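Hi,

Here is the structure I promised to pass on.

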Amino acid sequence: MVHESVLRTRVADRRVARAQLDELLRQSEHPHVTVRVIPFDADGFAGASAALLYAGGPVPGLDTVRRDAPYGAVFLDAVSQLLAMRTLFRKVESAALTATLSQDYMHRLAKEL
């Protein structure tokens with residue numbers, strides 16, 4: 001999941017921004033990859049202001065979270081921390097567009113570039 005602001009912020013020129021967006025679209029075509037966009041007007045995911053990588057599997061107690069912080073990356077694996085991050089992830093997930101709507105959005109944005 002990626003916030004709309006990330007897709008609209010240019011760290012280089014239009015050509016580079018377009019190439020990055022095209023790559024996201026290419027990757028989203030793979031069956032094992034889902035890219036979902038969180039639009040500016042989405043509500044309900046306060047606390048999701050930093051990058052979050054949630055690595056989970058069939059045994060929830062073995063899940064691990066990597067969260068970016070001002071002082072560097074932090075790894076979380078305590079039960080209470082994982083529960084909080086699962087809840088946050090689900091809030092973000094519910095605020096995001098569907099995969100199909102996200103692809104449509106990225107195609108429209110690419111045409112603007």
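Which residues does Ala51 touch, not counting residues up to four places away in sequence? They are Arg66, Arg67 and Asp68, with contact meaning heavy atoms within 4.5 Å.

Before the rest, a word on the source: this is a predicted model, where local features need pLDDT of at least 70 and side-chain atom pairs count only at pLDDT 80 or more, while totals for chains, interfaces and linings use all residues. Residues are numbered from 1 along each chain as its sequence is written, and side-chain values use heavy atoms, with hydrogens and water left out.

Back to Ala51: you'll find it in the loop between S2 and S3. Helices (H or I, at least four residues) and strands (E, at least two) are DSSP runs, numbered from the N terminus. Ala51 counts as partly exposed because its relative accessibility is 43%; the scale is buried under 20% relative accessible area, exposed over 50%, and partly exposed in between (1.4 Å probe, protein chains only). From Ala51 to Ala69 is 8.3 Å, C-alpha to C-alpha, though they sit 18 residues apart in sequence.

Next, Asp63, which lies in the loop between strand S3 (52-55) and strand S4 (64-69). Asp63 counts as buried, because its relative accessibility is 5%. Its side chain makes a polar contact with the side chain of Tyr54 at 2.8 Å and also reaches the backbone nitrogen of Gly57 at 3.1 Å. (A polar contact is a pair of N or O atoms within 3.5 Å; within protein, one must be able to donate a hydrogen and the other to accept it, and residues adjacent in sequence count only if both atoms are side-chain atoms.) Leaving aside neighbours within four places in sequence, the contacts of Asp63 include Asp77, Leu82 and Arg86.

Now the helices. H2 (residues 14-28) and H4 (residues 99-112) pack at about 160°, axes 10 Å apart. Axes are lines fitted to C-alpha atoms, for helices over the stretch in contact, and angles run from 0 to 180 degrees between N-to-C directions. That angle makes H2 roughly antiparallel to H4 (over 145 degrees). Among the residues that meet are Arg14, Leu21 and Leu25 in H2, and Met106, His107 and Leu109 in H4. The residues of this contact divide into six nonpolar, three polar and four charged.

Last one: Glu29, in the loop between H2 and strand S2 (37-38), counts as exposed because its relative accessibility is 56%. The Glu29 side chain makes a polar contact with that of Gln103 (3.2 Å).

Cheers

Technical notes: Angles under 35 degrees count as roughly parallel, over 145 as roughly antiparallel, 65 to 115 as roughly perpendicular and the rest as oblique. Ala, Val, Leu, Ile, Met, Phe, Trp, Tyr, Cys and Pro count as nonpolar, Asp, Glu, Lys and Arg as charged, and the others, Gly among them, as polar.
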